[in-house]
Amino acid sequence: MKKELVFITTNKHKVKEIRAQANSESKDITIVHLDYDYPEFQLDEIDTVAEESVNYIRRYKPLKEEKPFFIEDSGLTLPALNGFPGPFSAFVFDKIGNAGILKLMVDKNGEERRATFKTVVAFCESPEKAPVLFVGTSKGKIAKAARGEGGFGYDPIFELESVNKTFAEMSTKEKNVVSHRGRAFRKLLDYIA
Ligand code: IMP
């Protein structure tokens, strides 16, 4: 029988990616989605946001049955903008979107367009057990204009290093191989195996 892992998120795009990856990279794991809206903590580091989020869930126990669960928090960091938007990526995306980021980066060229995506997956075997964190990053640059129809969020403006494709121009499978989320979740799959 497959081990069930509960992924707690309101983001259906993240569920699609994680489920596709679990199906293709593990024979033993099934992803169960719990659509539960925990608070978006505004803290200085993505790692601390993930830790606070999972600790909130450990405290409020939204799972009806006791099963291992995880959450993840992600963010985009632009060195040319002193790390902005980083842990505030969701807020910034809601307020100014990809068009706003392209505008802020309009006078940046070459190396100045560098960008890093980071995901922190926080996994708990049960609410009583301390969380284990897994980090994944993906390096690239901000494209000059949005490209591609796939993915979500910042995908149309994030061009992967050494590939002339934005995440929005990749299939879910292609993105999972190289993405911040794919890399963090792969570490969780290895840990469970
Ligand atoms: P959060 O992890 O939901 O807080 O994500 C922060 C922001 O980054 C949100 O606006 C997301 O839409 C965006 N985001 C998270 N992961 C990705 C991704 O894989 N690609 C593009 N945007 C993302």
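**Strands, cores and a ligand site**

Threonine 77 sits across from threonine 116 of β4, where strands are DSSP runs of E with at least two residues, helices are runs of H or I with at least four, and both are numbered from the N terminus. The model is a predicted one: local features need pLDDT of at least 70, side-chain atom pairs count only at pLDDT 80 or more, and totals for chains, interfaces and linings use all residues. Residue numbers start from 1 along each chain as its sequence is written, and side-chain values use heavy atoms, with hydrogens and water left out.

Back to the strands. β3 (residues 69–77) and β4 run antiparallel and are joined by nine bridges; two strands count as paired if DSSP finds at least two bridges between them. β4 also pairs with β5 (residues 132–142), again in the antiparallel sense, over ten bridges. Here alanine 115 has glycine 140 of β5 as its bridge partner. Nine of the eleven β4 residues are buried, so this strand is largely enclosed by the rest of the structure. Buried means under 20% relative accessible area, exposed means over 50%, and partly exposed is in between (1.4 Å probe, protein chains only).

Next, the nonpolar cores. Such a core is a set of buried Ala, Val, Leu, Ile, Met, Phe, Trp, Tyr and Cys residues joined through side-chain atoms within 4.5 Å. In soluble globular proteins, nonpolar side chains tend to be buried together. The largest core here has 17 residues, and the members that touch the most others are Leu76, Leu78, Ile101, Ile142, Tyr154, Phe158 and Phe167. Two or more residues of this core come from each of α3 (89–104), β4 (114–124) and β6 (158–160), with α3 giving the largest share, three residues. As for isoleucine 142, its contacts (heavy atoms within 4.5 Å) take in Leu76, Leu78, Leu102, Met105, Arg113, Ala115 and Ile157, once residues up to four places away in sequence are set aside. There is also a second, separate core of 15 residues, with Leu5, Ile18, Val121 and Ala184 among them.

Then there's the ligand. It is surrounded by 16 residues, the closest being Lys14, Ser74, Asp155, Lys175 and Arg181; a residue counts as near if one of its heavy atoms lies within 4 Å. Lysine 14 puts a polar side-chain atom 2.7 Å from a ligand oxygen. Serine 74 uses its backbone instead, with an N or O atom 2.8 Å from an oxygen atom of the ligand. Histidine 180 has a side-chain N or O atom 2.9 Å from a ligand oxygen. On its own the ligand exposes 470 Å², and the protein buries 91% of that (areas by the Shrake-Rupley method with a 1.4 Å probe; for residues, only the protein chains shown count as cover).

Tyrosine 191, in helix α5 (residues 180–192), is partly exposed at 47% relative accessibility. Not counting residues up to four places away, tyrosine 191 touches Phe123, Val132 and Phe134. Its C-alpha atom is 15 Å from that of arginine 181, ten residues apart along the chain.

Phenylalanine 84 and proline 85 are joined by a cis peptide bond, with omega about -10 degrees, and proline 85 belongs to the loop between β3 and α3. Asparagine 82 is in the loop between β3 and α3 and has a positive phi, near 55 degrees, despite being a residue other than glycine. At 78% relative accessibility, asparagine 82 is exposed.

Finally, glutamine 42 lies in the loop between β2 (29–34) and α2 (46–60). This glutamine is partly exposed, with a relative accessible area of 42%, and its contacts beyond four places in sequence are Pro87, Phe88 and Phe91.

Note on methods: Polar contact = N/O pair within 3.5 Å; in protein donor to acceptor, adjacent residues only side chain to side chain.
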